[in-house]
Amino acid sequence: MNDFIYAMDLFGTAVFAISGALAAGRLRMDPFGVLVLALVTAVGGGTVRDTILGTTPVFWITDTNYIWLVMLTAALVMALVRCPRRLSGRWFQVADALGLAVFTVIGAQKALMSGAEPMIAVMMGTMTGVVGGVIRDVLCREVPLVLRTEIYATACIVGGILYTLTLHLGMGTELAASLAMLGTLALRLAGIFLGLSLPAFALDNPKSP
Amino acid sequence: MNDFIYAMDLFGTAVFAISGALAAGRLRMDPFGVLVLALVTAVGGGTVRDTILGTTPVFWITDTNYIWLVMLTAALVMALVRCPRRLSGRWFQVADALGLAVFTVIGAQKALMSGAEPMIAVMMGTMTGVVGGVIRDVLCREVPLVLRTEIYATACIVGGILYTLTLHLGMGTELAASLAMLGTLALRLAGIFLGLSLPAFALDNPKSP
Amino acid sequence: MNDFIYAMDLFGTAVFAISGALAAGRLRMDPFGVLVLALVTAVGGGTVRDTILGTTPVFWITDTNYIWLVMLTAALVMALVRCPRRLSGRWFQVADALGLAVFTVIGAQKALMSGAEPMIAVMMGTMTGVVGGVIRDVLCREVPLVLRTEIYATACIVGGILYTLTLHLGMGTELAASLAMLGTLALRLAGIFLGLSLPAFALDNPKSP
């Protein structure tokens with residue numbers, strides 16, 4: 001992982017940690033709850049990816065910078081944030097989209113390096129991007145947002161396909177990674193600013209009255 | 001794993017994927033949500049089993065047929081199913097029971113092959129059969145059905161015991177596997193058609209008013 | 001692990017299993033549900049720790065005493081308990097605090113033995129203590145209690161820091177472990193008997209009306 005990607009990865013980790021800490025604040029959790037929600041949101045996806053691939057100990061045990069950064073971020077959120085609305089706005093969503101793009105490419109990269117097939121790399125990229133948010137929502141007792149709305153996971157899938165495809169066509173790693181990140185980002189931003197979303201698959205609920 | 005068991009395993013995977021996709025449809029999820037629910041239901045149990053046993057990368061990374069099959073199944077469900085009632089009927093439950101029986105025996109088999117004790121093999125067989133459905137229910141924000149009702153997990157436990165016991169008595173692997181699958185199936189069908197269930201352990205809820 | 005710590009570990013396992021079985025009883029689960037809730041509460045934390053550290057197969061596969069003990073405990077709870085109020089009282093909380101203290105130190109110890117840094121050891125100790133209860137609460141469809149209330153996880157964190165710090169200062173393993181257990185216990189008992197808790201981080205919920 002080169003320095004630029006590493007810096008972006010830490011940036012994404014901090015942004016995801018903020019979104020976890022805010023979710024904890026909405027449920028009036030104590031500082032430990034805030035830390036846990038920040039941690040699972042920020043490193044949950046990569047942790048599940050690493051245990052499934054068997055590349056253990058997981059990434060944040062060999063490089064503890066991720067954990068220190070999440071702790072610092074959670075502390076800053078508790079100290080400074082009084083008005084979460086400002087952090088749920090458009091700018092924060094753009095930062096989140098950047099994090100999503102980096103996480104996707106790093107996840108796909110790690111899968112390929114462990115010897116997995118391209119299709120698995122796409123899955124692992126998507127997992128790195130979205131599983132942290134899914135665990136956050138389950139702990140907050142909500143049906144995970146990512147399963148229901150907007151272009152979010154779809155951006156990861158397209159980014160992952162772009163990455164493995166360009167690599168397959170012989171493009172260099174750095175160029176392929178940049179293209180895939182741009183693709184993920186562009187699609188996610190289209191979701192945010194144009195309100196694009198996929199059509200829902202809706203069945204009657206036989207359990208409802 | 002011989003060809004017959006492998007074919008049955010793929011059959012079970014498809015049936016479990018259908019039940020996940022239908023749960024997603026009832027919550028009006030988007031196509032990504034449908035795919036995720038189909039995946040966790042179909043391969044979630046085996047994934048947890050493999051990470052706990054340490055036989056990583058998990059099974060669907062070394063044999064991607066499982067994932068392709070789940071994707072195809074999820075796509076077909078979205079394209080074709082309009083009336084889920086037909087798929088919640090008796091025939092579907094019988095197909096699900098077949099899947100459960102195969103998953104149980106395969107789970108127990110993999111545990112024994114990794115060197116675990118018979119009791120652990122019974123646990124791993126049961127886990128392979130039921131954990132996917134548990135994760136599906138948690139993501140749908142329901143108390144997992146399998147913890148509350150009918151002869152479901154019980155069929156796995158009995159099947160696992162049958163398998164390890166007949167092996168211990170010197171029976172050949174294929175015969176033991178067939179017997180255990182038939183036992184699981186018979187017990188589960190008894191649960192479906194005779195309405196058998198275990199008595200609940202009910203305590204007063206001190207939190208209720 | 002010396003004999004005293006091992007005995008304490010089994011004691012903690014049984015106490016945690018009781019709390020899982022009681023949660024299952026409150027939701028009127030069947031005997032399988034009771035067993036599952038007892039298992040995840042008692043061994044869930046250590047299982048997640050072992051898969052993240054990559055020390056697989058996880059601890060209860062190599063030493064099945066833990067599982068047999070949980071099964072026995074769950075069976076006894078179902079056979080004997082009619083009045084859960086008695087088991088939610090102060091004495092049970094003290095027993096739970098003892099379990100928490102041992103789990104914390106054992107978790108930190110295993111992390112250090114696998115070569116992890118002190119900060120990771122503190123995390124793994126805390127995880128061993130609280131993750132089982134978190135999974136129990138998620139399966140029961142509750143926002144995990146430990147994220148919201150009292151001095152619980154905080155006691156684990158302080159105990160973990162005490163353990164790694166005293167080891168770092170050159171103290172012997174047994175003395176360090178004893179000190180850390182006493183510290184965790186004392187802090188947790190202060191939470192129970194003095195009603196201490198951390199201030200919540202409360203944000204307006206923009207989703208509420």
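Tutor: Let's start with charge pairs: between chain B and chain C there are 0 salt bridges, a salt bridge being a side-chain nitrogen of Lys or Arg within 4 Å of a carboxyl oxygen of Asp or Glu. The count of residue pairs in polar contact between chain B and chain C is 2, both at pLDDT 80 or more. A polar contact is a pair of N or O atoms within 3.5 Å; within protein, one must be able to donate a hydrogen and the other to accept it, and residues adjacent in sequence count only if both atoms are side-chain atoms.

Before going on, a word on the numbers: this is a predicted model, where local features need pLDDT of at least 70, side-chain atom pairs count only at pLDDT 80 or more, and totals for chains, interfaces and linings use all residues. Residues are numbered from 1 along each chain as its sequence is written, chains are lettered from A and ligands numbered from 1 in the order in which they are written, and side-chain values use heavy atoms, leaving out hydrogens and water.

Which parts of chain B touch chain C? Helix H2 (31-53), helix H7 (118-139) and helix H8 (153-168) of chain B each supply at least two residues to that side; helices are DSSP runs (H or I, at least four residues), numbered from the N terminus. H7(B) gives the most, with 9 residues. By type, the residues on this side of chain B divide into 24 nonpolar, 5 polar and 7 charged. Here Ala, Val, Leu, Ile, Met, Phe, Trp, Tyr, Cys and Pro count as nonpolar, Asp, Glu, Lys and Arg as charged, and the others, Gly among them, as polar.

Now for the extent of the meeting. In total, 36 residues of chain B are in contact with 38 residues of chain C, where contact means heavy atoms within 4.5 Å. Together the two chains bury about 3000 Å², 71% of it on carbon and sulfur atoms; buried area is the accessible area (1.4 Å probe) that two parts lose on being put together, summed over both. On the chain B side, Leu147(B), Phe201(B) and Leu203(B) lose the most area to chain C, together 26% of what that side buries.

Finally, how do the copies relate? A 120° rotation with 0.0 Å of shift along its axis superposes chain B on chain C, with RMSD 0.0 Å, using least squares on the C-alpha atoms of residues with pLDDT of at least 70 in both. The two copies are therefore related as by a three-fold rotation axis. They use different surfaces: 11% of the contact residues of chain B recur in chain C.
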